[in-house]
Amino acid sequence: MALHYSPVLWNRQKRLYDLTMAGLMALYLIIFCTLQTSLFPPITTETIVIRATSTLAFLMLHVILVIGPLCRLDNRFLPLLYNRRHLGVSMFIVAAVHSVFSVLQFHTRGDVDPLVSLFTSERQYGSFGQFPFQPLGFFALLILFVMAATSHDFWLKNLSPRVWKTLHMSVYLAYALIVMHVALGILQQETSPVYAGLMGVGVLTVSGLHVMAAFIGNRRELHPNAPATDGFVAVCDVNDIADNRAKTLMVNGQNIALFKYDGKLSAVSNLCRHQNGPLGEGKIIDGCITCPWHGYQYLPENGQSPPPFTEKIETYAVRCVGTTVWVNPQPYPPGTPQTPALLKVTTINDEN
Amino acid sequence: MTPPLRRAHRFIWLLLVVALPLGFLATRPTKQSPWLQEPVLPPQSTAMPVLLRTIDADSLVLNLRQSVRGTERQLEILLKQPFETPSAVVCIRQEGSRRAVGLLNAPGLYRFPLPTGTNRPLVEIVDDVHGRTVKTVQL
């Protein structure tokens, strides 16, 4: 939650996250450069930088891409998601260093403009197997630049979470371009199958985890299809929900998180106002629904962030009849208070 | 994520899980064979004593030489002026096969050992960078 924008809202977790990330990056670069220098003594500094940054950026991109599905499959990975944006921006910087050194090394020593040279030094645009690999890397970097430049909450707020998220899903296109950049570039010259094998494992891991998370996540959601009674739909048994946790529902196109806490039930939109994070995968902390992605909080009774914060989400009416939970999928405007359903045996007639 | 974005996400990854491995594999069969550097021998410093043939071809004078016993042959090239190409590789074409024997750089005298059995070689000066033959001389 934020009352105003500041470049970075630091806290202990973010510092720890960034320090760990910077430490691992430095460790990788040191080990890689040492190995390169000892295994290939005539190698130049520029070549070492190009190789080290390319492999590091590619590895970081894989890590970034597996964090999302891992978090959907297992909550224990959620701390990795917390500051993923810094990981993304760091990866862009590493990739940019790789690009700058590559252009300097391979395209600035001729009599042709470096950018023109990048697009014209290989001309087999008509061949799939020998398609020029450098323009693919250029366009991938362009996408990563747009993403890094708009990674701040300022852009998230002004573009709206839906547009921002759509824009940032272009990382998948960037990933596809980079995979082909590597396959058509260095892997064309490498005779060892180890490198091709490693990339194959990376591609299959990333895409496999995403597909798996998409289907398992979809299965976890409740899709009640019983006819509505008085506008309410029976969604689950009250014992299906753990204390201070939620079930996520998809009813009439509404993405709802149904929380059980303090002997009560409340339903709110499953979409966090910040980045459309899955509130139903979070939990109740200090009486507030807490988004698992970045810790934004809402009161379950009214969908409002506790003062002084101002975010609000849609709320839904809930009933508990016997042990069956009923939800009215008609959303109330964001921040509308709803009386929580009490966990006691009642009937619809009693309530009417 | 909103349900439409989640659906889009699922669609994208179903597409990528098929397209990426296919794209990756498609680059494999057409993979260029690794660059094999042909062993270009350094120019020899001394001329073999027997001159078999000589041809003056504008900027070049080519001599085919052999040893006294006739077992070894040598191509001697006098380069009068440099080629206007970034590379000039001397190749010998004989009986359908082409083999690089050396490089020409600054004007001067170059002597290259020839493969055993070279009799009437076709000498080609090739610009390897642009992939074209600059000059062809039948010795």
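Student: Which residues of chain A does UniProt give the feature "domain: Rieske"?
Tutor: The record, an unreviewed entry, places this feature at residues 233–327 of chain A. UniProt positions follow the numbering used here, feature names are shortened, and annotations may be inferred rather than shown by experiment. This is a predicted model: local features need pLDDT of at least 70, side-chain atom pairs count only at pLDDT 80 or more, and totals for chains, interfaces and linings use all residues. Residues are numbered from 1 along each chain as its sequence is written, chains are lettered from A and ligands numbered from 1 in the order in which they are written, and side-chain values use heavy atoms, without hydrogens and water.

Student: What is the helix and strand content over residues 233–327 of chain A?
Tutor: That stretch is 0% helix and 46% strand, and its end C-alpha atoms are 5 Å apart. Helices (H or I, at least four residues) and strands (E, at least two) are DSSP runs, numbered from the N terminus.

Student: What makes β1 and β9 of chain A edge strands?
Tutor: The open sheet runs β1-β10-β9 in chain A, with antiparallel pairing. β1 (233–237) and β9 (318–321) each have a single partner strand, so one side of each lacks a neighbour in the sheet. Pairing requires at least two DSSP bridges between two strands; β9(A) and β10 (residues 324–327) of chain A have four.

Student: Why is the contact of Arg319(A) with Asp230(A) called a salt bridge?
Tutor: The term needs a side-chain nitrogen of Lys or Arg within 4 Å of a carboxyl oxygen of Asp or Glu. Here the closest N and O atoms are 3.5 Å apart, so the pair qualifies. The pair links distant parts of the chain, 89 residues apart: Arg319(A) is in strand β9, Asp230(A) in the loop between α11 (193–220) and β1.

Student: What makes Arg65(B) and Glu76(B) a pair in chain B?
Tutor: They form a salt bridge, with the closest N and O atoms 3.0 Å apart. Arg65(B) lies in strand β2 and Glu76(B) in strand β3 (residues 73–79), so the pair ties together parts eleven residues apart in sequence. Arg65(B) is buried at 15% relative accessibility, and Glu76(B) is buried at 5%. Shared partners join Arg65(B), Glu76(B) and Arg111(B) into one salt-bridge network.

Notes: Buried means under 20% relative accessible area, exposed over 50%, partly exposed in between (1.4 Å probe, protein chains only).
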